[in-house]
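Hi,

Here is the structure I promised to hand over. My notes follow below it.

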Amino acid sequence: MAVAAIRLRDLFAVVMLFGIYSFVSASLFVVLDAVDVAFTEASVGAGVSTVFMLGALALTASKEKPKSARKTLLPLLAVTVTGLALVYGTWDIPAYGDPANPIHHHLVQRFIEDSPEEIGIPNIVTSVLASYRGYDTLGETTVVFTAAIGVLLLIGGARRPPSGQDDAR
Amino acid sequence: MKRYTIPRVGTKLLLPLILLFALYVQFHGDYGPGGGFQAGVIFGAGFILYALIYGLDNARRLMPPWVLRIGVSLGVLIYAGVGLLGPLLGGQYLDYAVLDARDPAHGQHLGILWVELGVGITVSSVMVTIFYAFAGRGR
């Protein structure tokens with residue numbers, strides 16, 4: 001699918017492929033029992049970002065310009081080297097589902113054992129996100145907020161006078 | 001899209017369900033999968049669907065941009081404000097256990113509910129804001 005996304009010149013089809021790719025990864029997360037992550041991936045990756053990509057597509061051309069082969073050589077090299085480095089990095093990752101993995105021994109155990117008493121809500125993912133790691137989530141919300149401000153500053157300014165109370169705030 | 005009946009009627013049928021599902025995800029996030037972020041995205045997607053089918057002008061009338069701009073900042077303010085209640089009530093920043101002096105777990109529960117609400121408001125407003133910006137640009 002990724003190869004098809006690279007080879008295709010029609011950007012509309014590429015956007016659709018990205019959406020399908022996101023949805024497939026969401027299904028993968030469900031298989032891995034990470035329902036919250038799958039939920040986010042399905043709604044954000046497959047849903048809203050596809051719409052945003054289409055919106056961006058409506059502002060530009062829907063066909064990719066053909067490039068000469070010489071210009072793609074250096075990026076291809078960089079991507080291959082990065083990919084190889086990442087694959088090299090995966091050698092050290094412990095086996096999936098092994099109970100002896102370090103991740104199961106420090107914080108996770110404490111969260112699972114103490115969260116029902118300390119927080120009292122059944123979904124531990126929510127209690128970790130919103131309470132134990134509250135600073136992190138506050139930062140994420142601020143990032144989303146900043147993203148909106150950035151988009152508004154870049155392309156949100158109305159060039160013609162807005163019809164209504166658009167500038168009241 | 002004005003002349004196509006099936007998308008218009010389908011949207012009218014689906015929209016309440018989408019918004020209701022978003023609220024369910026928002027407030028049921030403590031018990032099942034989901035939370036403020038996902039709920040905000042779904043809520044925003046509902047308005048985006050409306051804007052796609054019924055046109056940007058109708059959507060702007062339904063959800064004016066100034067409401068969105070308040071929402072974008074209000075969510076962050078709710079989050080940070082709930083965090084500030086901690087030190088005011090004698091705890092630490094973003095420590096919700098002090099919200100209920102007798103039952104710390106209940107305080108945590110309350111804090112998470114409010115914080116997730118803040119996240120949801122910000123995320124849904126941001127999604128619709130970005131969509132308005134993109135869609136309004138091409139005209």
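At roughly what angle do the axes of helix α5 and helix α6 of chain A cross? The answer is roughly 90°, with the axes of α5 (residues 107-118) and α6 (residues 124-132) coming within 10 Å. Axes here are lines fitted to C-alpha atoms, for helices over the stretch in contact, and angles run from 0 to 180 degrees between N-to-C directions. So α5(A) is roughly perpendicular to α6(A), a term for angles of 65 to 115 degrees.

This is a predicted model: local features need pLDDT of at least 70, side-chain atom pairs count only at pLDDT 80 or more, and totals for chains, interfaces and linings use all residues. Residues are numbered from 1 along each chain as its sequence is written, while chains are lettered from A and ligands numbered from 1 in the order written.

Back to the helix pair. From α5(A), A:Phe111, A:Ile112 and A:Ser115 meet A:Ile124, A:Ser127, A:Val128 and A:Tyr132 of α6(A). Contact means C-beta atoms, placed from the backbone, within 7 Å. The residues of this contact are 5 nonpolar, 2 polar and no charged (nonpolar covers Ala, Val, Leu, Ile, Met, Phe, Trp, Tyr, Cys and Pro; charged covers Asp, Glu, Lys and Arg; the others, Gly among them, are polar).

Chain A overall: 7 helices, 0 strands. Helices are DSSP runs of H or I, at least four residues; strands are E, at least two; both are numbered from the N terminus.

A:Asp33 is not a glycine, yet has a positive phi of about 70°. A:Asp33 lies in the loop between α2 (11-31) and α3 (35-59) of chain A. A:Asp33 counts as exposed because it has 8 C-beta neighbours inside 10 Å (exposed means 12 or fewer).

Best wishes

Key
Buried ≥ 20, exposed ≤ 12 C-beta atoms within 10 Å, placed from the backbone. Parallel < 35°, antiparallel > 145°, perpendicular 65-115°, else oblique. Contact = placed C-beta atoms within 7 Å.
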